[in-house]
Amino acid sequence: MKLEVMLMSGQSMALDVKEDALVRDLKHQAQQELRQGISHLVRADGELLCSTSTLAEAGLEEHAPVMATLSRAKLVSSRRSVAFAQGDGRVVTWGAFHSGGDSEYVQEELQNVREIVASGDAFAAILDDGRVTTWGKPEAGGDCSAVQSELFEVESIAATSTAFAARRADGHVVCWGDAEEGGDSQRVQAQLYDIQLLSASAKAFAAVRGDGQLITWGHPSSGGWAPPTVVKTLHGQVKEIAASENAFVAICPSGRVVAWGDPDSGGDLGGAATQLAAARVRAITATDHAFAALLMDGGVVAWGHSYSGGDCKSVQKKLYNISQISASMNSFVALRKDGVVVAWGNTEVSDLRDVVEVSASSGCSRLATR
C-alpha cells in the first residue's frame, strides 16, 4: 500500500506500508525516511489520526495524502536534572544521578516520546502509543510499576513535587508517587471519571470532570482539600484551573474566579475579590506564590505574596491593553498591544519596547523584539 506523506515545507515522500500497519508504524517509517521528528499525522480532511488505529480504521486508502506536523524539541527540568526531548522522539538526560539525570536503564523504552513531565526528582514520559515510562527517585514518582498495567492511552500527565497523575483517553486518572502529596487518590477515586482538566500544585492535584465538577486530593495545605463553600460555589461550573505552589484558582464560564489553598500562595483573593467580581477574566497565570488575572478588557488584577508578584499597584497605571502575561518563579511580565513590557514582583525588567512575545523559565524571562 502506497501513501504520500507531506510536510508543510512542501517536502513529501511516497511510502510503502503494510495494509495492516498502525498509524504509529506509518509515523515511525516517515520519521526515518524524512529524517524529521513527527508530532502528528493528519488526514487530507483535517482529521487528526490516532496512533493506535490501523490505517484502515484511520480511513487511509491507496495513494491517500497524509500531512505530517513536526515535533518540537523540549527541555524539561526537575530540581537537579534535565531531560531533553529531541524532535525525533528520543530523550537525553543529565544532572543528579538519582534525580532523573541517569536514564540509561530506560533508554530502550524512551523511543517515540510524545511528552515529558517532571516532578521534583523524577520524570515521566508519555510514549506515542499512550504508554508511560518513568525514571528518577522512586519516592518522587520515578517508579510506576505498581500502576503500569493501568497506564495506557494516556493523554496528559500532571506532577506535584513527589507524585504524578495521568489522565487517560477514557477520562480516568491514575496516580503514583508520594501518597500524601497526591500519589494516592483512593479518597476520591470514585469521582475521577470523564476528567477533562488536570492541574497540580506542589503537593496536591485538582481535576475537573466533563460536567464541570471539581475534585481535589493531596496535601490539604497545598490545595488538596477545597472547602465545602468552594465546592458548592463551583458546582458544575469550572472551565479552567491554574495553580501556584500551594494554591489553586478556578475560572467559571461566566468569568468568575474562585481560589483555595494557602493564602500566602494566592489561595485567598483578599482585596482582589472586589476587582474580580466586577470584571470578566480571560486567563490566569501563576508564579510560585501569586496569581495574575488577565481581564477581557486588557486590564490585570494580581493577588498573593507581594514578593512573588501578588501586588501590582506600583505598575497598575501601565497595565492596560495587555495581550499576554508570562510568569517566572517570583515575577510577572505583561506585554501590551503596543509592544511595551510591564513587569512586577522580584524583577529588574523595565522600559522595554517593541516586544512581540514574552516567555519565562523559573528564574528569568525571555523577550522577543521586533
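This dialogue reads several features of a predicted model.

Colleague: Which residues does the UniProt record list for the Ubiquitin-like domain?

Modeller: The record, an unreviewed entry, lists residues 1–72 for "domain: Ubiquitin-like". In this predicted model, that span is 17% helix and 32% strand, and its end C-alpha atoms lie 29 Å apart.

Colleague: Which residues of α1 are buried?

Modeller: Buried means under 20% relative accessible area. In α1 this applies to V23, L26, K27, A30, Q31 and L34. Viewed down the axis of α1, the buried residues fall within an arc of 135°, so they line one face of the helix.

Colleague: Against which strands do the buried residues of α1 pack?

Modeller: They pack against β1 (2–7), β2 (12–16) and β3 (38–43). Just after the helix, R35 adopts a positive phi of about 55°.

Colleague: What is the order of the strands in the open sheet?

Modeller: The sheet has 4 strands in the order β2-β1-β4-β3, and the pairing is mixed. Its edge strands are β2 and β3, each of which pairs on one side only. From one strand to the next, the twist averages 30°.

Colleague: How many bridges join β1 to β2, and do these strands run parallel or antiparallel?

Modeller: Two strands pair if DSSP finds at least two bridges between them. Here β1 and β2 are joined by 5 bridges and run antiparallel. E4 stands opposite A14 in β2.

Colleague: How many residues lie between β8 and β9 in their hairpin?

Modeller: There are 3 residues between β8 and β9 in the hairpin. Strand β8 (residues 113–118) runs antiparallel to strand β9 (residues 122–127), with 5 bridges joining them. The bridge partner of E115 is I126, in β9.

Colleague: Where is H63 found, and is this residue buried or exposed?

Modeller: H63 is in the loop between β3 and β4 (65–70). With a relative accessible area of 55%, H63 is exposed. Its phi is positive, about 65°, although H63 is not a glycine.

Colleague: What is the phi of N112, and where is N112 found?

Modeller: Phi of N112 is near 55°, a positive value in a residue other than glycine. N112 is in the loop between β7 (91–95) and β8. Its relative accessible area is 25%, so N112 is partly exposed.

Key:
Residues are numbered from 1 along each chain as its sequence is written. This is a predicted model: local features need pLDDT of at least 70, side-chain atom pairs count only at pLDDT 80 or more; totals for chains, interfaces and linings use all residues. Side-chain values use heavy atoms; hydrogens and water are left out. Buried means under 20% relative accessible area, exposed over 50%, partly exposed in between (1.4 Å probe, protein chains only). Helices (H or I, at least four residues) and strands (E, at least two) are DSSP runs, numbered from the N terminus. The arc is that of the directions from the helix axis to the C-beta atoms. Contact means heavy atoms within 4.5 Å. UniProt positions are given in the numbering used here, feature names are shortened, and annotations may be inferred rather than shown by experiment. Axes are lines fitted to C-alpha atoms, for helices over the stretch in contact, and angles run from 0 to 180 degrees between N-to-C directions.
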